[in-house]
Amino acid sequence: MNTPESVSHANLDFFVSELWANVDRSSLFLPLKSELARWLLLGAGIGFFDKTEVDKFLLRQQVNWQEAHVLDLDVGYGVELTFFNSFDVRIKMFVANDLVIEDARSDLHAIFRNYMLMNSEILADRDAMGFLATLHTTGDIWRLIVNGGELLPDTSHSVKKLCSGLAKALGYLEHVLAIKGKIPSEMSESRDFDLSLRNELIEMLQEFQSYRLGLAGVESTLRYFDVAGSVFAQCELVIVDDFDPRREIFVELYNLLDRWPDPSNSRAELPRERCWSRYVRQQDELPPTATSRMGHG
Amino acid sequence: MSTIRTESVDERLLKSIDGFPKSYALIPTSALTRSAIVFVHGFAGSPTGTWCDFQGLSSRYAKEYPWWRDAALFFYSYDSMRSPIYYNAVRLRSFLEYILSVRVDFHHNANDPGPSMNDENPWKYENLLLVGHSEGAVVIRRMVLNAIEALTRHGREQNLDEVKLREWVNQGAHGSLILRARLRLFAPACAGTNFSGVVGFVGNLSHFFSALASSSLVRNELLRGSPVLCSLQTGTDLAYRDHPNIHALTAKILFGSNDQIVYTDKYGCDEIIEPFAEGHDHFSVCKPKHTYMRPLEFVKP
């Protein structure tokens, strides 16, 4: 086996053991296999994974599912499978031009690996996955969770756990958006097609994850503000020298979430008033403006 | 002005590490690998979130910084928000003993069998660099001190006098790749953090919520003057007085000029590298960029 082959085999081994297997082990209520299947197809298309091995792997999974009388990847999860199916044509179009892909292969692989590693950390984190799963619960259960604190016996929905999961999810978003933002500015003589290819790859990867991250629609996005508001309701942070952490955090949170692409196009822009209302839990107070004094790590 | 460069394909194998979730390795395939570099993130950090810029740029700039080309890179994950420093140090030691052991074969290259397995040399590599950021630096130093204290205890059990005990510890340290390691610390929290509350801890959104979700015990352990930090400094300085040849007791340190999180101080046996990383804060100091190559230069065997 030559070096590129052994690297792509190692990549697939890692993906299966650290991402796919984590989904198998997880009982969380998320349609992850549909998403991860698209990761595999896209990764194989750019040569990050071995295409033949990916085909074999997916075939084996399909056989297993059929034996288990499961007809589709994430049936029963209540998700619109068209959300994920819609990516298939886009992936094919993206990987169609082998020569262009080959020319930018190193950059594309670096980006893909980075995203994969970040996602492996999120998928292996119980607090993060617990938080993301709750974003998809029904409205009644959600209201109980954010208002009730220690609602469930295993305390996986305690405010402390949700706060930890929120922190992990936000860390992920910050990191991903930082990668996207720095690529063009880091290079002063970038070739146009390279950049467009990189940006398209990043956008696709982001959009794959939008459902899981609760950012494919307004309601689940608003729940980030619910959790952040619940956290503030339970801690005593004081205003020092006009620095009001609650308002500063709102501005940062709004700016971060508003920058994430919404593949369903259900929101052109996050509704600031509604976000604020959920954040301050209906208190009669105007939202802050778009600027903040916080720095970025 | 930086120019775009043709990135060489990263020919490292990505490997997960049994028993250490979220930790992983990047192992070179193309060269004889004699050096290991282990990265330990800080409070609320993660292997990829903190260190990913090293992964791409160390390949891209391998010509300028050739020691990166042949090094095996290990990215260690631990619970920096809830588990005590001491516990994390013990676990880091287990991690190192596992990944550095000649018995664990991360290497794919059949042409590189590595050092032969025998009782004299249980280590896979000849050189080790331990790289820590913030809390990760504290964990590394506690791990090093634990290893020396264990050696000393073992020597005392044999009723050695003070002179022979020092020789015995030095000899033991010489045979330990972990104690032969070189330490490179970015913005270490060894002298404590300069905040008194959650708000002061944060530089960004995720760190703010991480601080709220973290254990107060961990935050208190990292405060200036905490019993954990004081005993670590005292123990390390004393150990260095007795064993100045143990490399892992000393550290080279790089601070950013805009660090508002930790005290810019050092132990007596350390060296703060000058100049400071101008314009960099606590978080950006350890993240190389095309326009900021100090981290790649700093992490050198």
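## Sheet and cysteines of chain B

Tyr24(B) stands opposite Phe75(B), a residue of strand β4(B). The model is predicted: local features need pLDDT of at least 70, side-chain atom pairs count only at pLDDT 80 or more, and totals for chains, interfaces and linings use all residues. Residues are numbered from 1 along each chain as its sequence is written, chains are lettered from A and ligands numbered from 1 in the order in which they are written, and side-chain values use heavy atoms, without hydrogens and water.

Strands are DSSP runs of E with at least two residues, and helices are runs of H or I with at least four, numbered from the N terminus. Two strands pair if DSSP finds at least two bridges between them. Strands β2 (24–28) and β4 (71–76) of chain B pair in the antiparallel sense over 3 bridges. Both belong to an open sheet of 8 strands in chain B, with mixed pairing and the order β1-β2-β4-β3-β5-β6-β7-β8. Its edge strands, β1 (12–16) and β8 (271–272) of chain B, each pair on one side only.

A disulfide is a pair of cysteine sulfur atoms within 2.5 Å. By this rule there are 0 disulfides over all chains. Two cysteines illustrate the distances.

| Cysteine | Closest cysteine sulfur | Distance |
|---|---|---|
| Cys190(B) | Cys269(B) | 10.0 Å |
| Cys230(B) | Cys190(B) | 12 Å |

Buried means under 20% relative accessible area, exposed over 50%, and partly exposed in between (1.4 Å probe, protein chains only). Cys190(B) is buried at 6%, whereas Cys230(B) is partly exposed at 38%.
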